[in-house]
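Hi,

Here is the structure I promised to pass on. Have a look at it first, then read my notes below.

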Amino acid sequence: MKFVIDRDHLVNAVNEVTRAISARTTIPILTGIKIDVNDEGVTLTGSDSDISIEAFIPLIEQDEVIVEVESFGGIVLQSKYFGDIVRRLPDKNVEIEVTTNNQTTIRSGQAFFTLNGLDVLEYPKLPEVSEGKQIRIPIHVLKNIIRQTVFAVSTIEVRPVLTGVNWIIKNGTLTAVATDSHRLALREIPIEAPEAEEYNIVIPGKSLSELNKILDEASDSLEIILANNQILFKLKDLLFYSRLLEGSYPDTSRLIPAETKSELIINAKAFLQAIDRASLLARENRNNVIKLSTLENGQVEVSSNSPEIGNVSEKLFSQSFTGEDLQISFNGKYMMDALRAFEGDDIQISFSGTMRPFVLRPRDAENPNEILQLITPVRTY
């Protein structure tokens with residue numbers, strides 16, 4: 001195998017596939033990047049067996065020659081060393097050649113490296129997801145869905161299914177739900193999908209976080225294919241595979257309170273900043289407990305108390321407060337995560353009691369489930 005490639009294109013592809021590679025894999029060859037060269041171009045692959053990313057570099061792009069191939073073939077090179085080398089190469093072009101016993105030479109300008117490679121045939125085959133159920137989603141919408149839900153997945157492996165985001169596709173609507181049993185994030189959007197098609201899948205939170213870093217909002221939309229416990233996100237020159245989590249995701253609809261005893265409408269940014277300030281003293285505590293109390297004239301008080309450090313309180317004017325007076329405590333980090341998920345100015349917080357979960361929604365939301373955040377209070381007595 002021998003080819004010359006534009007360094008910038010190679011560096012971009014290496015950066016993308018490296019996201020899927022883990023140093024803690026039980027299969028040693030998966031710490032490497034697989035390079036395949038054929039008459040169409042160069043394909044780089046990285047995988048940790050849960051996530052696999054395939055980046056394709058064509059021979060010619062917009063009438064510019066990107067790759068010149070002298071001979072076809074494949075090799076697996078240690079990602080740590082190969083990535084560090086290509087990022088530091090001095091010249092615009094890079095020549096890569098595989099000689100006897102998988103020895104690989106990398107030339108650029110006056111720099112010359114030799115790396116010991118591994119046989120490409122030993123690299124595990126990627127899952128077959130070419131045929132399956134297909135949907136299309138605009139990229140900016142998908143990025144929003146991920147941003148507004150993935151932070152609420154569980155980080156504890158006791159219930160593996162809760163470390164993922166549940167996607168339910170039904171009647172042309174995608175509902176994405178994440179919960180760690182203390183909070184819940186929900187986002188609902190209409191999508192292009194056959195009306196009769198219904199899916200209920202759980203995508204690992206880690207996979208969605210890595211996918212979100214790769215997605216470029218400049219692109220229009222991407223294709224999603226579901227098959228054989230795998231999901232494939234197809235972009236122009238990039239394939240992102242992820243395994244799906246097994247097991248039944250809990251029915252979260254019954255967690256959302258049906259009744260409301262008190263309702264607060266408040267500016268999301270001002271409320272977030274007040275919670276952030278109150279958390280400065282509460283962070284040392286295990287639950288980062290913040291207390292919210294209603295006062296007269298539509299005012300609310302945000303406070304926290306840390307016996308070893310001190311206490312803080314701040315009064316805020318709300319747009320409105322209706323219903324029963326309230327004193328409720330919650331995890332400050334959960335509240336800040338939830339508030340950051342909203343894009344508008346004002347939010348509506350519905351309370352159904354001091355020890356019942358409360359719900360945050362955009363003010364005047366036409367669809368009550370378009371975006372919803374739920375938080376369970378903390379018992380402080």
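**What I found**

Let's start with K125, which counts as exposed because its relative accessibility is 80%. For reference, exposed means over 50% relative accessible area, buried means under 20%, and partly exposed is in between (1.4 Å probe, protein chains only). K125 sits in the loop between β11 (111-116) and β12. Its C-alpha atom is 46 Å from that of A365, which is 240 residues away along the chain.

Before going on, note that this is a predicted model, where local features need pLDDT of at least 70, side-chain atom pairs count only at pLDDT 80 or more, and totals for chains, interfaces and linings use all residues. Residues are numbered from 1 along each chain as its sequence is written, and side-chain values use heavy atoms, with hydrogens and water left out.

The pLDDT is the predictor's confidence in each residue, from 0 to 100. It averages 92 over the protein chain, and 97% of the residues score at least 70.

As for the overall build, the protein chain has six helices and 28 strands. Those are DSSP runs numbered from the N terminus: helices are H or I with at least four residues, strands are E with at least two. Of the 381 residues, 51% are buried.

Now the salt bridges. Side chains of opposite charge can pair when their charged atoms come close. The rule here asks for a side-chain nitrogen of Lys or Arg within 4 Å of a carboxyl oxygen of Asp or Glu, and by that rule there are 22 salt bridges.

Take K206 and D48, whose closest N and O atoms are 2.9 Å apart. K206 is in helix α4 (residues 205-214) and D48 in the loop between β3 (41-47) and β4 (51-58), so this pair ties together parts 158 residues apart in sequence. Is D48 buried or exposed? It is buried, because its relative accessible area is 10%. K206, at 48% relative accessibility, counts as partly exposed.

Another pair is R136 and E223, with 3.8 Å between the closest N and O atoms. This one links strand β12 to strand β17 (residues 221-227), and the two residues are 87 apart. R136 is partly exposed at 35%, while E223 is buried at 18%. Elsewhere, salt bridges with shared partners join D180, R183, K333, D337 and R340 into one network.

Cheers
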